[in-house]
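Subject: A structure to look through

Dear colleague,

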Amino acid sequence: IPVRRTETFIRHDLPSGFITSSSNDLMRYLDALRSRKPALGISPVGVEMLFDAQPYGMGWMTGTYAGRPAVHHGGNLPGFNSNAIMLTEDGYNIVFLANQSHLFNAFVYFPDLSRGIVAILTNQDPPSRFHYIWVFRLLLILFAYNLFASSKKLVRLAKGTETLSLSKRLRAVVIN
C-alpha cells in the first residue's frame, strides 16, 4: 500500500550517494567510461586503473558479476536502490534503479534480479526464485502467529486474568 512519507535528508552522507539521475543518463555515463574518452574528467589512464583495479577501484568493484567479468557498483539509500554494471567482455551496460528500499530487497532480491538480467543477456540460466517464496511464506506464518499470540496475551491482560512475574516479563521482552 503506497504511503506518502518524507525521507530523512542525511547531509553527512551526501558524498557517498544521493546522486539524482535517470537510467538514460547513467547508461550514457557507463558508455563514456567504456569508451575510455577523457570527456568525464578522467584520463584514459585513470579509466584503465578503474578497470584493472582488484577488487575495488575509484568507487567501482571489479571482478565478476553473475560469473561474467564486470565492473559494477550498487547502492542503497532510504527509499532508493541502484546497480550499475559494465560487463567488460560482453559489451553490455546495465542500470537497475528502484524507488523503494527494504533490507530484504536491497541485500537479496535486487542483487539477484540484477544477476538474473546478466544471466539472461549472457545466455545463462537465470537463478531460481523458488527458495524466496518459502522464506516469504515462513515470515508470513511467523508474523501471523506473533499477531495471534500477542492478541491473546493482550486480551488476558485486559481482563486481568493473568499476572506475570518479573522473570516472565523479562523473558517476554527479550523474546519479542
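This is a predicted model: local features need pLDDT of at least 70, side-chain atom pairs count only at pLDDT 80 or more; totals for chains, interfaces and linings use all residues.

Residues are numbered from 1 along each chain as its sequence is written, and side-chain values use heavy atoms, with hydrogens and water left out.

**The chain as a whole**

The secondary structure comes to five helices and five strands, where helices (H or I, at least four residues) and strands (E, at least two) are DSSP runs numbered from the N terminus. Read from the N terminus on, the elements run α-α-β-β-β-β-β-α-α-α. Of the 176 residues in the chain, 26% are buried; buried means under 20% relative accessible area, exposed means over 50%, and partly exposed lies in between, with a 1.4 Å probe and protein chains only. The accessible surface of the chain comes to about 12,800 Å², and 62% of this surface belongs to carbon and sulfur atoms; such areas come from the Shrake-Rupley method with a 1.4 Å probe, and for residues only the protein chains shown count as cover. Among the contacts with a separation of 6 or more, 36% are made by residues 24 or more positions apart, a contact being heavy atoms within 4.5 Å.

**Helix α1**

Helix α1 covers residues 23-35, and its 13 residues should span 18 Å at 1.5 Å a residue, which agrees with the 18 Å between its end C-alpha atoms; the expected span is 1.5 Å times one less than the number of residues. Which residues of α1 are buried? They are L30, L33 and R34. These residues cover an arc of only 100° around the axis, which puts them on the same side of α1, the arc being that of the directions from the helix axis to the C-beta atoms. What covers them includes α2 (44-52), β2 (60-65), β4 (80-87) and β5 (92-98), whereas the face turned away from the buried side carries the exposed residues N24 and R28.

**Salt bridges**

The structure holds three salt bridges, each defined as a side-chain nitrogen of Lys or Arg within 4 Å of a carboxyl oxygen of Asp or Glu. In one of them D25 pairs with R28, with the closest N and O atoms 3.4 Å apart, and the two residues are separated by about one helical turn because they are three residues apart in helix α1. In another, the side chains of D90 and R68 meet at 2.9 Å, N to O. D90 lies in the loop between β4 and β5 and R68 in strand β3, so this pair ties together parts that are 22 residues apart in sequence. R115 and D112 also meet in a salt bridge, at 2.7 Å, N to O, and both lie in helix α3, three residues apart; R115 is partly exposed at 32% relative accessibility, while D112 is buried at 12%.

**A nonpolar patch and a buried histidine**

Y92, Y109, L113, I117 and L121 make a nonpolar surface patch of about 360 Å². Patches are made of residues with over 30% relative accessible area and no salt bridge, like charges being joined within 9 Å and nonpolar side chains (Val, Leu, Ile, Met, Phe, Trp, Tyr) within 5 Å. Helix α3 (residues 103-121) gives the most to this patch, with four residues. Elsewhere, H72 in strand β3 (residues 68-77) is buried, with a relative accessible area of 14%. Leaving aside neighbours within four places in sequence, H72 is in contact with W60, M61, T64, Y65, A84 and I85.

**Positive phi angles**

Most residues other than glycine have a negative phi. A66, in the loop between β2 and β3, has a positive phi of about 55°, and N123, in the loop between α3 and α4 (130-159), has one of about 60°.

With best wishes
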